[in-house]
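Reader: I am new to this structure and would like to be walked through it. Could we look at it together?

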Amino acid sequence: MKFQYLLGLAMLCAQLTFAQENKPGEPQGERFTVSGYIKDASTGEELIYANVHQKEWNLGVTSNIYGFYSLTLPPGQHIIEFSYLGYEPFLQTIQLYSNQELNIELQPESAQLQEIVVKGEAENEAVESIKMSRIDLPVTQLKKLPALFGEPDLIKTIQTLPGVASAGEGTSSFFVRGGSADQNLVLIDEAPVYELSHLFGLASIFNADIIKNAELYKGGIPAKFGGRLSSLLEVSTRDGNAKEFEGSAALGMLAAKATLEGPLVKDKASFIVAGRRSYVDLFMKLNEDTKEDAIQFYDLNLKFNFKSNNRNRFFLAGYRGRDIFKIGDDFQMDWGNSTVTFRWNHLFNDRLFSNLSLIYSNFDYRLEDTSDDEGFVWKANQEEVSLKEDFTYFVNPKVTFKAGYHGIYRIFQPGIITPTVATSIFERTSLQKQFALDHGIYAGFEHRISERLAVEYGLRFTIFQNIGSGTVFEYADAQDNIEISIIDSTQYGSFDNIKTFTNFEPRFSARYKLGSNQAIKASYQRMVQYIHLISNSTVPIPFNTWAPSSPYLTPQLADQVAVGYFQNFRDNSYEFSVEAFYKKANDITEFADNAQIFFNQNLATEFRQGELESYGVEFYLKKNKGRLKGFTSYTWSKAETTIPTVNNDRPFPANHDRRHNFNLALTYELDDRWEVSTNFNYATGRPITLPTGKYEFDNYKLDLFSGRNGYRLPDFHRLDIAATFNSRKNASRKVKRTMVFGIYNVYNRKNPFTIYTRVKQDEEGNIVGNGTEKEARLIYLFSILPYGTLNLKF
């Protein structure tokens with residue numbers, strides 16, 4: 001009730017403050033609102049960020065992420081233009097003497113042109129928008145670029161963007177502006193996912209056939225979002241064709257997939273279902289040596305939506321993904337994400353839009369050994385249930401007010417081991433469950449002050465409670481992980497408060513137009529992260545767990561500032577931008593040298609927290625029109641970490657510090673049926689810790705290591721090419737075929753995945769000399785790899 005009261009008071013203040021703003025020559029007095037949804041006329045899908053423009057007074061708005069728009073104008077006759085890149089613009093004349101509801105369906109341009117759309121927004125959006133450090137990811141372009149095994153991969157595309165680094169080949173981790181992989185908030189239909197990879201990183205969990213929209217924020221993150229330090233990746237799936245039934249299927253080297261969608265009630269309710277499954281395990285069954293083994297993944301996306309009337313829309317979305325790795329009948333491990341999102345869009349009136357979401361997310365993994373002497377099952381999971389309410393109030397065409405609340409109940413189960421046979425060497429052991437309540441309240445404005453100047457500002461207030469039930473130990477020295485001494489303990493009951501943290505998180509972005517096609521932008525953000533990844537590896541693996549902020553683990557906090565120059569030229573055919581950023585993060589979570597984090601009952605003694613400083617400059621050039629499309633990017637950046645007691649208290653390069661990153665992605669349309677594409681990637685080798693010598697202690701010979709991350713792997717570079725063939729649609733069978741052929745790693749570069757040391761051996765594996773001499777060995781994943789994929793749409 002207090003929140004509702006404050007929200008109403010804030011909207012009233014906004015109305016009184018901004019309602020009287022008028023452009024020179026614009027009529028004074030009463031205002032009326034025209035509002036509604038903008039859709040694709042062929043499918044009924046809502047169009048995100050479509051443009052609504054009243055030309056006479058040069059007043060305009062864009063539809064929100066749910067396709068809703070609201071435009072307040074003086075009474076009288078108005079000609080309003082609705083437009084969206086890749087669709088025919090539509091002009092509507094209205095007589096506005098009262099509030100009106102106006103839903104619009106835009107017709108796609110010719111099928112040929114629609115297939116090569118880069119993004120659905122204004123052509124000069126990069127200049128006009130207040131937002132900076134944000135990139136929309138074009139799904140149509142994603143499907144045409146070369147990909148490992150021919151499987152279009154959203155995460156692999158993200159790894160090529162400016163300000164984003166990869167851990168290396170065959171991984172689905174990405175690192176944004178010096179942050180680590182666990183500092184990225186990744187949402188699918190508003191639900192967080194914790195593991196992004198299938199087959200240990202060969203593919204990501206996102207099926208490109210069901211993605212409607214994907215946005216990556218590297219900075220300037222709105223106050224609506226919080227919980228991670230570095231970035232936000234927001235993925236929305238398609239709602240399903242509300243006009244007619246259609247489907248698609250694809251067969252590649254790695255996996256097969258199918259999609260079916262259609263109306264449940266035409267123009268009122270629809271569904272979409274998409275499934276994908278790898279079939280490496282099917283080929284393994286053909287080999288006598290591997291027929292009892294299995295390596296596979298699957299995922300399933302479901303979505304239903306129902307429109308009861310123009311003021312109420314309901315959505316139910318679900319995702320389930322799983323990886324299975326099996327060695328005979330003796331050992332199996334599996335892991336995956338499950339999410340469910342229920343969403344209710346409600347219009348209180350023509351200017352007040354509400355989105356209420358109930359969200360469930362679970363990531364779990366399981367290991368099982370069935371041998372007679374070691375039989376056990378190990379289970380762990382990270383689970384959360386959340387309630388989210390977001391309000392958008394369209395004060396006038398120049399001012400939008402947003403506010404909301406997000407509450408999360410978190411459960412952390414780091415591990416349970418259960419013996420499965422009487423002769424097992426294991427006993428039932430359970431690491432202590434942990435619980436938390438996470439609250440966030442925010443409010444913010446988007447304000448177009450003049451034709452040149454526009455700002456977005458907001459404040460987020462967060463409360464994080466580490467709660468019971470549980471036991472908290474007191475250590476004589478919590479930084480001593482060798483001789484652990486527990487001097488006391490405190491028992492907490494269910495929902496008892498153990499430790500509470502609060503933080504204010506201000507956000508600010510500004511855009512100043514230098515001309516019709518040039519702008520400078522700036523942003524500042526403070527982000528706080530209350531949950532911590534328990535891992536001491538560079539690349540997160542599926543068997544990592546998370547922990548809440550607690551008496552021994554302080555929340556991580558980061559401040560980031562960024563400035564940039566943006567320009568479109570040649571009739572918006574090209575977009576250019578350059579951004580510089582500086583980030584300072586405190587209480588970054590690391591672990592002590594030689595930390596033992598595997599099933600450690602006293603993990604609190606292994607935590608070490610310190611500082612991270614990163615800065616850099618990012619260049620981005622994108623071509624949107626013509627037969628040749630694509631982008632190129634270059635990033636120079638530096639990320640350095642300082643952790644007390646780690647590396648002798650000296651700064652060291654962050655695990656993901658890559659000074660130079662260059663990427664090129666191009667597609668070229670040869671004719672109406674053939675397209676060719678290419679990728680080229682270059683990056684400085686990532687830091688690594690290696691032994692530099694040996695020493696003897698108490699008759700033991702031990703490795704002497706360099707400083708933390710004192711060496712680097714060789715530089716990474718790779719060239720890929722692909723060709724796409726589009727068949728003409730068969731009028732009788734109504735089936736369209738698309739075939740993709742490609743070569744991954746054209747010049748057969750052996751890019752290092754990692755380096756390890758071993759006792760020196762000859763070519764036959766025999767130890768050389770007395771076994772004291774060591775050698776470094778390079779592990780790489782992929783040599784040259786041709787592939788092909790067949791796609792059918794009906």
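Reader: Which share of the contacts with a separation of 6 or more comes from residues 24 or more positions apart?
Author: In this predicted model, such residues account for 66% of those contacts in the chain.

Reader: And how many helices and strands are there?
Author: The chain has six helices and 51 strands. Its radius of gyration is 28 Å, close to the 28 Å that the globule rule gives for 794 residues, so the chain is as compact as a globular protein of that length.

Reader: What does the C-alpha trace span along its principal axes?
Author: The span is about 95 × 65 × 50 Å.

Reader: Turning to the inside, what percentage of the residues is buried?
Author: Buried residues make up 56% of the 794 in the chain.

Reader: Which residues have the most contacts inside the largest nonpolar core?
Author: They are Leu154, Ile158, Phe174, Phe206 and Leu233, in a core of 28 residues. Among the elements that give two or more residues to this core are helix 5 (154-158), strand 11 (174-176) and strand 17 (231-237).

Reader: What is phenylalanine 206 in contact with, beyond its neighbours within four places in sequence?
Author: Its contacts include Leu154, Ile155, Val186, Val235 and Arg276. A second, separate core has 22 residues, including Phe363 and Trp546.

Reader: Now for charge: how many positive and negative side chains are there?
Author: There are 84 positive and 94 negative side chains, and the centres of the two sets lie 6 Å apart.

Note on methods: Residues numbered from 1 in each chain as written. Predicted model: local features only at pLDDT ≥ 70, side-chain atom pairs only at ≥ 80, totals over all residues. Heavy atoms only, no water. Helix = DSSP H or I, 4+ residues; strand = E, 2+ residues; numbered from the N terminus. Rg over C-alpha atoms; globule rule 2.2 N^0.38 Å. Buried < 20%, exposed > 50% of the residue type's maximum accessible area, 1.4 Å probe, protein only. Contact = heavy atoms within 4.5 Å. Lys, Arg positive; Asp, Glu negative; His and termini not counted. Charge placed at Lys NZ, Arg CZ, Asp CG, Glu CD. Core = buried A, V, L, I, M, F, W, Y, C linked by side-chain atoms within 4.5 Å.
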